[in-house]
Amino acid sequence: MTLAERLRAALATRSDMALLAGDHADLARHAATDLTAAAVLIAFTDRPDPGILLTQRTDTLRHHAGQVAFPGGRLDPGEDAIAAALREAEEEIALPPASVELIGAIDPYRTGTRFDITPVVGVVPPDLALVPAEAEVASVFEVPFSFLRDPAHHHRASAWWQGAERHYIEIPWNDRRIWGATAAMIVNLSHRLASL
C-alpha cells in the first residue's frame, strides 16, 4: 500500500480523540464569514519514515516573523482551499503543484488572529529541489512525522496576548520551535491519523 493510500484510509477512519478547533474558545462563536479564509499545505514526503515539510518565515515579515509554518496563506477570490494551498506552496517554496498527490482537506483551525485555516494534505516525492521565496521564507525543512506525532514532544505552554492568557502547544525540533496554530494542526493531524 502506498503512503497516499495509507493516508486516505487513515483519514477516512474517524478518531475518538478530540480535535483542537482554535486558539481559544471564543473563536467557536464566530461565523466563518467573520474570519479570513486561508489554507496550508501539509506535504508528506514519500519515504519509509515520512516527513512533513515546514518553513521558517523570515525575521523581516510584519506578521509571524521568524515563526515555523506550513506553506500557505489567504484564499484569493474564487479560490478553494486546495487551489490556495497549492498556489501558496509554489509561491513560497517553489513546490510544483503537479508534484503533489492530493489526499484532501481536513478539519479547519481558527486562529486568534482571525484566520479560518483549512489544512490540505498531500504527498510529495522526497528530496525535491525546493527554493524558499527570499521575501518571506528563510528556509524549508523536513521533520519526521513519527517525531511530530509523538505526544511526548507536545508541550503545553501559555503567554499573555491582547490582555488574556492564551494556551498553546509547542514542539521543539533541533534548534527550531514549532508552536501555535502550526503545532495545533500537527496535533489534530496526529489524532486524525491515529490508525496510520
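Which side chain does the side chain of E101 make a polar contact with? The partner is the side chain of R8, at 3.5 Å. The model discussed here is predicted.

**E101 and strand β5**

- E101 belongs to strand β5.
- The relative accessible area of E101 is 40%, so this residue is classed as partly exposed.
- Beyond its neighbours within four places in sequence, E101 is in contact with A4, R8, G122 and V123.
- E101 and V123 are 22 residues apart along the chain, and their C-alpha atoms are separated by 5.0 Å.

**Helix α1**

- Helix α1 spans residues 3-12, and L3, A4, L7, A10 and L11 are its buried residues. These residues lie on the same side of α1, because the arc they cover around the axis is only 130°.
- An α-helix has 3.6 residues a turn, so residues three or four places apart point the same way.
- The cover over the buried residues of α1 includes the strands β1 (36-45), β5 (101-105) and β7 (115-124), together with helix α4 (180-192).
- A4, one of the buried residues of α1, is also among the contacts of E101.

**Nonpolar cores**

- The largest nonpolar core holds 37 residues, and F44, I52, V121, L148, I178 and L189 are those with the most contacts inside it.
- At least two residues of this core come from each of α1, β1, β2 (51-57), β7, β8, α3, β10 and α4.
- Helix α4 gives the largest share of this core, with seven residues.
- A second core is separate and has 15 residues, among them A85, L95, V124 and V137.
- I178 is in contact with L54, V68, L148, I169, E170, I171, W173, A183 and I186, leaving aside its neighbours within four places in sequence.

**Aromatic pairs**

- The whole structure contains three aromatic pairs. One of them is formed by F44 and F145, which are edge-to-face with 5.1 Å centre to centre and 70° between the planes.
- This pair links distant parts of the chain, with F44 in strand β1 and F145 in helix α3 (residues 145-148), 101 residues apart.
- F44 and F145 are both buried.
- F147 and W173 also form an edge-to-face pair, because their ring centres are 4.9 Å apart and their planes stand at 65°.
- F147 is in helix α3 and W173 in strand β10 (residues 164-173), so this pair ties together parts that are 26 residues apart in sequence.
- F147 has a relative accessible area of 18% and is therefore buried.
- W173 counts as buried too, because its relative accessibility is 17%.

**Charges over rings**

- R176 lies over the face of F141, 3.9 Å from the ring centre.
- R177 has its charged end over the ring of W179, at 4.5 Å from the centre of that ring.

**H154**

- H154 is placed in the loop between α3 and β9 (155-161).
- The relative accessibility of H154 is 18%, so H154 counts as buried.
- The backbone oxygen of L148 is reached by the side chain of H154 at 2.6 Å.
- A polar atom of the H154 side chain also lies 3.5 Å from the backbone oxygen of D150.
- Leaving aside neighbours within four places in sequence, the contacts of H154 are L148, R149, I169, E170, I171, V187 and S190.
- L148, which H154 contacts, is among the residues with the most contacts inside the largest nonpolar core.

- A94 is a residue other than glycine with a positive phi, near 60°.
- A94 sits in the loop between α2 (81-93) and β5.
- A94 counts as partly exposed because its relative accessibility is 33%.
- D127, likewise a residue other than glycine, has a positive phi near 60°.
- D127 lies in the loop between β7 and β8 (137-144).
- With a relative accessible area of 64%, D127 is exposed.

Technical notes. Residues numbered from 1 in each chain as written. Predicted model: local features only at pLDDT ≥ 70, side-chain atom pairs only at ≥ 80, totals over all residues. Heavy atoms only, no water. Buried < 20%, exposed > 50% of the residue type's maximum accessible area, 1.4 Å probe, protein only. Helix = DSSP H or I, 4+ residues; strand = E, 2+ residues; numbered from the N terminus. Arc of directions from axis to C-beta. Contact = heavy atoms within 4.5 Å. Phe/Tyr/Trp six-rings, centres within 6.5 Å; stacked < 30°, edge-to-face > 60°. Lys NZ or Arg CZ within 6 Å of the ring centre and 35° of its normal. Polar contact = N/O pair within 3.5 Å; in protein donor to acceptor, adjacent residues only side chain to side chain. Core = buried A, V, L, I, M, F, W, Y, C linked by side-chain atoms within 4.5 Å.
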